[in-house]
Amino acid sequence: MNAVLFGAHGLDSGVLPALFLHFGMLSLLAIGGALTTAPDMQRYLVGERGWLSDAQFTSSVAIAQAAPGPNLLFVAVVGWNIAGLAGVAATMAGSLLPSTTLALAASRYGDRRRESRAMKAFSAGMAPLTLGLLLATGWVLTAPVRDSWGALLLVPFTVLMLVKTKISPIWLVGAGAAIGAFGWAG
Amino acid sequence: MPAAEPLQRPASPLRMAWAFNRMALQGFGGVLAVAQRELVERERWLTKTQFLEVFSLGQVLPGPNIVNMALIIGDRFFGWRGAAAALLGLLTAPLLIVLLLAALYREFVGLPAVAGALRGMGAVAAGLVIGTAVKLLGGLRDNPLGRLPAAAVALLTLLAIGVWRWPMAAVVLGLGGASVALAWWRLGR
């Protein structure tokens, strides 16, 4: 039961407040979607703390992408892989509480000020940063497959299919799973 | 014409939770496209223009876009009860599914086919993120910053976060602050 509640790593309880605080801070910086915080999460969890391996981190994102629902849920899988259900509670609460409170307050307050110079400057200035973050996220996610030609070829193929066709991403995810299952992405 | 059809109002917060639940369960690789179809065309709770407004607001605010959108839409119709209903509808069922998948994965991680499938899916996930960014690059063309400064900010962000691995807080506050300041100055001219 303890393995379900607290994960298989036998981490002490100090992990949970640390997760909550780091994910809470990242949620306030997550302009342009939850996935843009993935590079910093990877830096913190894999590099700084050693709570997850590179492969565990990327598979967490892949599992969440394979399931229906908001991309945000990769945060829950990351929490699950670090500390079980308690980890899910810590990472989800951290990712949701600060940003939802702020979003509600700001949307009520900002409804009238949408045309102001400050709001316009904010969205214009943040737009290229958001794109840079998305590109960095994609680059960081390729980390565990950079040693395999098969998997590396899947990346530009996916980009091409997404940009040039109207095919639903679920088919691309399915194709990636099938190609990998046959051992062609190893 | 759909444009002539009057807007509807969601009957109750519960009804709203169900609608967001349905959207979330259809949304593989992101919920946004489904949300547009459901909210504007099927339920007719928002006009296209209103949807775009809420979308840009959800994007400008920190936090996950679709979560912010659900909160704002729920809040406009039913206050905090609507916001809570939309959020729970959006997250509950997908959360259970994703945790089930994660738990199953731990059981079967030893199988080479499963590990290989996840590697393949990981590569596709990376491609989907990069592809989304590529699709959005065209949007920088009309940015008040100007094309070259906008491209420079995007490239610097990619390098600082992806390659040099600087902490995100420093990059968003430092580079983002400078970029917003430049946009403010350009907009004032």
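**The A–B contact side**

Author: Of chain B's 189 residues, 43% count as buried, where buried means 20 or more other C-beta atoms, placed from the backbone, within 10 Å of the residue's own. The model is predicted: local features need pLDDT of at least 70, side-chain atom pairs count only at pLDDT 80 or more, and totals for chains, interfaces and linings use all residues. Residues are numbered from 1 along each chain as its sequence is written, while chains are lettered from A in the order in which they are written.

Now the contact side. In chain A, 88 residues are in contact with 86 residues of chain B. Contact means that the C-beta atoms of two residues, placed from the backbone, lie within 7 Å. Helices that each supply at least two residues of this side of chain A include H2 (15-29), H5 (74-110) and H8 (169-181). H6(A) gives the most, with 22 residues. By class, the side has 59 nonpolar, 25 polar and four charged residues. Nonpolar covers Ala, Val, Leu, Ile, Met, Phe, Trp, Tyr, Cys and Pro; charged covers Asp, Glu, Lys and Arg; the others, Gly among them, are polar.

Next, the chains themselves. Chain A has eight helices and zero strands. Chain B has seven helices and zero strands. Both kinds of element are DSSP runs: helices are H or I, at least four residues, and strands are E, at least two. In chain A, 55% of the 186 residues count as buried. The C-alpha atoms of chain B fill a box of roughly 55 × 45 × 35 Å along the principal axes.

Note on methods:
Buried ≥ 20, exposed ≤ 12 C-beta atoms within 10 Å, placed from the backbone.
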